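Please read the numbered points with the sequence and the model in view.

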Amino acid sequence: MYKSTDVYLPISDLMDTENGGGIETTKKEFLKMKQMRKSMENKDVRELLQNAMDEYSGWHFEGKDSMARSELGMNTIDRLDKIDAKVLVIIGEFDIKDYVEIAD
């Protein structure tokens, strides 16, 4: 589960294997989430996202609290200053508030 300041991504809820879930179901449900709605409205983007999800193994969906913290016990956002490389961050007008703050 990833909790941001304005969105909740219920990855653990999607990965409900007791009710017929699993990696393939989780990947399908992920694309139906509210946060994906705007992207999925665009046919070209929808096809690209569907292809990416079809090819993705889904390994991080199975990890225990894998989207919340690293093995170091820190949020990734708290370690961005440790990146020793030039990066270009691109955000869109429909990105979640956290992504906009991280980009700044």
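This is a predicted model: local features need pLDDT of at least 70, side-chain atom pairs count only at pLDDT 80 or more; totals for chains, interfaces and linings use all residues.

**Note on the structure**

1. At 53% relative accessibility, Glu 41 counts as exposed, where exposed means over 50% relative accessible area, buried under 20%, and partly exposed in between (1.4 Å probe, protein chains only). The side chain of Glu 41 meets that of Lys 38 in a salt bridge, at 3.4 Å from N to O; the term stands for a side-chain nitrogen of Lys or Arg within 4 Å of a carboxyl oxygen of Asp or Glu. Lys 38 is partly exposed, at 41% relative accessibility.

2. Residues are numbered from 1 along each chain as its sequence is written, and side-chain values use heavy atoms, with hydrogens and water left out.

3. The secondary structure of the protein consists of six helices and two strands, and from the N terminus on its elements follow the order β-β-α-α-α-α-α-α. Helices (H or I, at least four residues) and strands (E, at least two) are DSSP runs, numbered from the N terminus. The protein has 104 residues, of which 22% count as buried. Among contacts between residues at least 6 apart in sequence, 47% join residues at least 24 apart; a contact means heavy atoms within 4.5 Å.

4. Helix H4 covers residues 43-55. Its 13 residues reach 18 Å from the first C-alpha to the last, close to the 18 Å expected at 1.5 Å a residue; the expected span is 1.5 Å times one less than the number of residues. The N-terminal end of H4 is capped by Asn 42, a side-chain oxygen of which lies 3.0 Å from the backbone nitrogen of Asp 44.

5. A polar atom of its side chain lies 2.7 Å from the backbone oxygen of Tyr 56. Not counting residues up to four places away in sequence, Lys 27 touches Met 53, Asp 54, Tyr 56 and Phe 61.

6. Lys 27 also forms a salt bridge with Glu 24, at 3.3 Å from N to O. Both residues lie in helix H2 (residues 23-30), three residues apart, which is about one turn of the helix. An α-helix has 3.6 residues a turn, so residues three or four places apart point the same way. Glu 24 is partly exposed, with a relative accessible area of 49%.

7. How many salt bridges does a search of the whole structure find? The search finds five. One of them joins Glu 29 to Lys 32, whose closest N and O atoms are 3.2 Å apart. Glu 29 is partly exposed at 29% relative accessible area, whereas Lys 32 is exposed at 58%.

8. Phe 61, one of the residues that Lys 27 touches, is found in helix H5 (residues 59-62). Phe 61 is buried, with a relative accessible area of 5%.

9. Met 36 lies in the loop between H2 and helix H3 (37-40) and counts as buried at 15% relative accessibility. Leaving aside neighbours within four places in sequence, Met 36 is in contact with Phe 30, Leu 31 and Leu 49. Met 36 and Asp 95 are 59 residues apart in sequence and 9.9 Å apart in space, C-alpha to C-alpha.

10. The accessible surface of the protein comes to about 8200 Å², and 51% of that area belongs to carbon and sulfur atoms; such areas come from the Shrake-Rupley method with a 1.4 Å probe, and for residues only the protein chains shown count as cover. Ile 77, Leu 80, Ile 83, Val 87, Val 89, Ile 91, Tyr 99 and Ile 102 make a nonpolar surface patch of about 670 Å². Patches are made of residues with over 30% relative accessible area and no salt bridge: like charges are joined within 9 Å, nonpolar side chains (Val, Leu, Ile, Met, Phe, Trp, Tyr) within 5 Å. Val 89 lies in the loop between H5 and helix H6 (97-103) and is partly exposed at 46% relative accessibility.

Note on methods
A polar contact is a pair of N or O atoms within 3.5 Å; within protein, one must be able to donate a hydrogen and the other to accept it, and residues adjacent in sequence count only if both atoms are side-chain atoms.
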